[in-house]
Amino acid sequence: MRPYFSLGFNLVALSSCSALLCYLLINKGFSATLLLIVLVSIALSAHIFTLFTRQQKQAEIVIRALANGDSTLGLSQYHPMRQQFDQVKAQMQTARFNAEQQAQFLQALLIHVDLAVLVSDNSGQVIESNPAVSKLLGKNIKHLSELGAVGDLLSKAERNVRNTLHWQTGEQQDTLSIALSIAEIQGKVRRVVSIQSIHDQLQLKEQQAYKRLTKVLTHEIANSITPLSSLANTCTTLLPQTLCFNELEDKQDLQLALTTLASRTEHLGDFIARFRQVSSLPTPKLAPYNLASVLTQIVALHQQQAFSQGTTFELNINTQQLVMLDNSQIEQVLVNLVKNALEVLATSQQHNAQNPNKTPTIQLTLAQNHAQQLYIEVSDNGPGIAEHVIDMVFVPFFTTKQQGSGIGLSLSRQIMLNHGGDLVYVQKPQGACFRCVFG
């Protein structure tokens, strides 16, 4: 009703103005030209007012239509604004679809990528993260400060940085490489942090270094030992029985020296031959095996020795899953670990004879860790390993035994690495514990 009311009002106003002008023309003597100009001005003003009112009404209709979700905006099908609006709407829908498609692609990419990615604001509060973060770190990160000192550095950094971090999830230790990129998105600072484990790469480099060192040492030492042993044996056989000495003991000392030299060089040659195994392990011949049956065989193999020294076995089997492994090599690893435990317990029992109530025990456990990896633990209730020695136990040649060669643990770890797993020392409140993790 309002447009018609406005139009009627304008007509009435125009009629009144016309009557007023006629009165002024007749009675007051105004110029006809002046009156005509005034009349036209009034008419134009009335028309402009009508157009303004109509535009205001049209804008109100459009806004109400947008508020109600009316895609026609209250415009007729042939209205020129309707066609322009349809074109704009189509362009906006296309842009929105492309943006959503790109966002879904990036989200799917982050979910499937193994690289852990965190996005935080400038204060370090985490905004987005992918599932690889909780998988790698063992928990969800809500603030960069949860990464320790490195997290504080990432929160305060003013430029892109790279750093490493020693991380422990449960009883497993890891080495992480962390990279920070700072970007400004829609006027806000965002810190993009990528995290990946370099534990395996560091171990591979370490093992490669050991192999190169082993090859050089064994080659040089073997080249020197072989002629020494040969010369010692030759000198022993060439020593004439009629050779005279001022003292009989001098002749006996010479014979003993040559015999000892020949014996020790032979033993050293055997040692070098065993040590070569670290750098020349054959490729594992993988086949499906049940680790539970492997552990049972290991216990049966050492049961008599354990009984003779008063040691008991505890076998804990928590899974029956099959694992791809080289049975002979894995048995060698377990034999080394059980043998070490038996020797430690036998020695500690002799030193602690005053405490007969403590039964020496070796515990073998088969279970899964948080990453669903199978592992075998060989632990004992002996004195354990000194803290300052723990970092050295897997280094070739290093040993705390008087008659040890320092090969067993390094060889065992190399076998586990070749199986895609690892051999780690796990600190426990009492005794020593070695864990064989299968990849």
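Two strands pair if DSSP finds at least two bridges between them. I kept that in mind while browsing this predicted model, where local features need pLDDT of at least 70, side-chain atom pairs count only at pLDDT 80 or more, and totals for chains, interfaces and linings use all residues. Residues are numbered from 1 along each chain as its sequence is written, and side-chain values use heavy atoms, leaving out hydrogens and water.

**Entry: strand β12 and its partners**

I took strands (E, at least two residues) and helices (H or I, at least four) as DSSP runs, numbered from the N terminus. I found that β10 (residues 374-380) pairs with β12 in the antiparallel sense, over five bridges. Here Val378 stands opposite Phe434. I then saw β11 (residues 422-425) joined to β12 by four bridges, also antiparallel, with Tyr425 opposite Phe434.

**Entry: how covered is β12?**

I called a residue buried under 20% relative accessible area, exposed over 50%, and partly exposed in between (1.4 Å probe, protein chains only). In β12 (residues 433-437), five of five residues are buried. Cys433, Arg435 and Val437 lie on one side, with Phe434 and Cys436 on the other.

**Entry: the cysteines**

I looked for disulfides, meaning pairs of cysteine sulfur atoms within 2.5 Å, and the count came to zero. For Cys433, the nearest cysteine sulfur is that of Cys436, 9.6 Å away. Cys433 has 0% relative accessibility, so it counts as buried.

**Entry: helix α5**

In α5 (residues 149-156), I noted Val150, Gly151, Leu154 and Ser155 as the buried residues. Seen down the helix axis, they fall within an arc of 140°, so they line one face; the arc is that of the directions from the axis to the C-beta atoms. On the other side, Ala149 and Lys156 are exposed.
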